[in-house]
Amino acid sequence: MLKGFRDFIMRGNVIDLAVAFVMGAAFGTVVNAFATDFIGGIIGAIGGTPNFGRAGFTVNDSKIVYGSVINALIYFVIVAAAVYFFVVLPMQKLNERRGADADTPAPSDEAVLLTDIRDLLRAQGGGRV
């Protein structure tokens, strides 16, 4: 039972996932600070309120707060832009430089195996296959 757990943990993709999670959390902290302090400061300088968290209106003595949604949308757009410009776009450029064609999928294991069998049969039989 413990051997299976150890094998699971030591697989490369689990470790890569753990590293990606930690890096994502750290990146999220940086983006959150950027969104709150820098972008919030710019919005505050232009519009007068850097934090929309308490913005809302009152209906029948009930306050409807929409400001937290605006904050979340600003944060989402900043995170999406940061991921695109700092991760997706550089990876696309790197793949273009390598000459990797994303439209051509790698052959399946079955196709590779069948190709190997065909080549072996040709080599053994010396004839048509």
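How many Å² does the accessible surface of the protein come to, and what share of it belongs to carbon and sulfur atoms? The surface comes to about 10,800 Å², and 66% of that belongs to carbon and sulfur atoms. Accessible areas here come from the Shrake-Rupley method with a 1.4 Å probe, and for residues only the protein chains shown count as cover.

A word before the views: this is a predicted model, where local features need pLDDT of at least 70, side-chain atom pairs count only at pLDDT 80 or more, and totals for chains, interfaces and linings use all residues. Residues are numbered from 1 along each chain as its sequence is written, and side-chain values use heavy atoms, with hydrogens and water left out.

**View 1. The whole protein, element by element.** Start at the N terminus and the elements run α-α-β-β-α-α. That gives 4 helices and 2 strands; helices (H or I, at least four residues) and strands (E, at least two) are DSSP runs, numbered from the N terminus. Of the 129 residues, 6% count as buried, where buried means under 20% relative accessible area, exposed means over 50%, and partly exposed is in between (1.4 Å probe, protein chains only). Now look at the contacts with a separation of 6 or more: residues 24 or more positions apart account for 29% of them. A contact means heavy atoms within 4.5 Å.

**View 2. The two strands, side by side.** Strand β1 (residues 56-59) and strand β2 (residues 62-65) run antiparallel, and 4 bridges join them. Two strands pair if DSSP finds at least two bridges between them. Follow the partners across: G56 has V65 as its bridge partner in β2, while F57 stands opposite I64.

**View 3. A closer look at G56.** This glycine sits in strand β1 and is partly exposed, with a relative accessible area of 31%. Leaving aside residues up to four places away in sequence, G56 touches K63, I64, V65 and Y66. Take Y66: it lies 10 residues from G56 along the chain, yet their C-alpha atoms are separated by 5.3 Å.

**View 4. The turn of the hairpin.** The hairpin of β1 and β2 has 2 residues between the strands. Which way does phi go in this loop? Most residues other than glycine have a negative phi. N60, in the loop between β1 and β2, has a positive phi near 50° without being a glycine. D61 is found in that loop too, and its phi is also positive, at about 60°, although D61 is not a glycine. Buried or exposed? N60 is exposed, with a relative accessible area of 74%, and D61 counts as exposed at 81% relative accessibility.

**View 5. Along helix α3.** Helix α3 takes in residues 67-98, which makes 32 residues. At 1.5 Å a residue it should span 46 Å, and its end C-alpha atoms are 45 Å apart, so the two agree. The expected span is 1.5 Å times one less than the number of residues. The buried residues of α3 are G67, I78 and A82. Just after the helix comes G99, which takes a positive phi of about 85°.

View 6. Y84 is partly exposed, with a relative accessible area of 37%. A search of the whole structure finds 1 aromatic pair. The rings of Y84 and F85 have their centres 5.1 Å apart and their planes at 80°, so the pair is edge-to-face. Rings of Phe, Tyr and Trp (its six-membered ring) pair if their centres lie within 6.5 Å; planes under 30 degrees apart count as stacked, over 60 as edge-to-face and the rest as tilted.
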